Amino acid sequence: MRVKPAEIAAVGLALMGGLGFGAYSLMPATASGKGISTHFSLCSGPVRVICVVDGDTFWLDGTKIRVADIDAPEIGEPKCAAEKALGERTKLRLREMLNAGAFDLAAFENRDEDQYGRKLRVILRDGQSLGNQLVTEGLARTWTGRREPWC
């Protein structure tokens, strides 16, 4: 079978646009459509409204959100000290990134929630995934559909 150049280009554009594994579609972030811009703290205590839990989970307006396109090291039940340390760094970096300016949230692979009731979203700023930035910085991994060990 011969593949036409136009077909190769279409597949390339689809993958670059996020239409392959890890696909997401932009969802309205605010009524104004100008993105979300607020100040995130680190979560502490039982009341959580706008705060960061760990490297891939945060609360926004009382809704728990899981950064869907990454897997971050655990801090609640880490398997080793190195995982805990990297998880703490990732948590601080996620907070820094969320506080750096307006962002949008996008749906992930036609799934609204995970098994724990967290909203599954990709965080986008200027069309770029903040999760991918965490991966580039060595603080997280691209989500492959299952957790991998950090130790």
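Colleague: Is Asp-114 buried or exposed?

Modeller: Asp-114 is buried, because its relative accessible area is 13% and the cut-off for buried is under 20%. Bear in mind that this is a predicted model.

Colleague: Where does Asp-114 sit?

Modeller: Asp-114 is in the loop between strand E7 (104-108) and E8. Strand E8 covers residues 119-125.

Colleague: And what does the side chain of Asp-114 reach?

Modeller: The Asp-114 side chain reaches the backbone nitrogen of Tyr-116 at 2.9 Å. There is also a polar contact of 2.6 Å between the side chains of Asp-114 and Arg-118.

Colleague: Leaving aside neighbours within four places in sequence, which residues is Asp-114 in contact with?

Modeller: Arg-66 and Leu-120. Those two are also bridge partners, with Arg-66 pairing to Leu-120 in E8.

Colleague: How do E5 and E8 run, parallel or antiparallel?

Modeller: Parallel, joined by 3 bridges. E4 and E5, on the other hand, run antiparallel and are joined by 4 bridges.

Colleague: What is the bridge partner of Phe-58 in E5?

Modeller: Ile-65 is the partner of Phe-58.

Colleague: How many residues lie between the strands in the hairpin of E4 and E5?

Modeller: There are 2 residues between the strands, and Asp-61 in this hairpin takes a positive phi near 50°.

Colleague: Switching to the core. Which residues touch the most other members of the largest nonpolar core?

Modeller: That core has 19 residues, and Phe-58, Leu-94, Leu-98, Leu-105 and Ile-123 touch the most other members. At least two residues each come from strand E4 (57-60), strand E5 (63-67), H2 and helix H3 (130-136).

Colleague: Which element gives the most to this core?

Modeller: H2 does, with 4 residues.

Colleague: New topic, cysteines. How many disulfides are there?

Modeller: The count comes to 2 disulfides. With the bonded cysteines numbered in sequence order, the pairing is 1-2, 3-4.

Colleague: What does Cys-43 pair with?

Modeller: Cys-43 forms a disulfide with Cys-51, and the sulfur atoms are 2.0 Å apart. The link of Cys-43 and Cys-51 is right-handed, with 90° about the S-S bond.

Colleague: Are Cys-43 and Cys-51 buried or exposed?

Modeller: Cys-43 counts as buried at 17% relative accessibility. Cys-51 is buried too, with a relative accessible area of 4%.

Colleague: And the link of Cys-80 and Cys-151, right-handed or left-handed?

Modeller: Left-handed, with -95° about the S-S bond. Cys-80 lies in the loop between strand E6 (70-71) and helix H2 (81-98), and Cys-151 in the segment after strand E10 (141-142), so the pair ties together parts that are 71 residues apart in sequence.

Colleague: How far is it from S to S for Cys-80 and Cys-151?

Modeller: The S to S distance in that disulfide is 2.0 Å.

Colleague: What is the relative accessible area of Cys-80, and of Cys-151?

Modeller: Cys-80 has 23% and is partly exposed. Cys-151 is exposed, because its value is 53% and the cut-off for exposed is over 50%.

Terms used:
Residues numbered from 1 in each chain as written. Predicted model: local features only at pLDDT ≥ 70, side-chain atom pairs only at ≥ 80, totals over all residues. Heavy atoms only, no water. Disulfide = S-S within 2.5 Å. Buried < 20%, exposed > 50% of the residue type's maximum accessible area, 1.4 Å probe, protein only. Core = buried A, V, L, I, M, F, W, Y, C linked by side-chain atoms within 4.5 Å. Pairing = 2+ DSSP bridges. Polar contact = N/O pair within 3.5 Å; in protein donor to acceptor, adjacent residues only side chain to side chain. Contact = heavy atoms within 4.5 Å.
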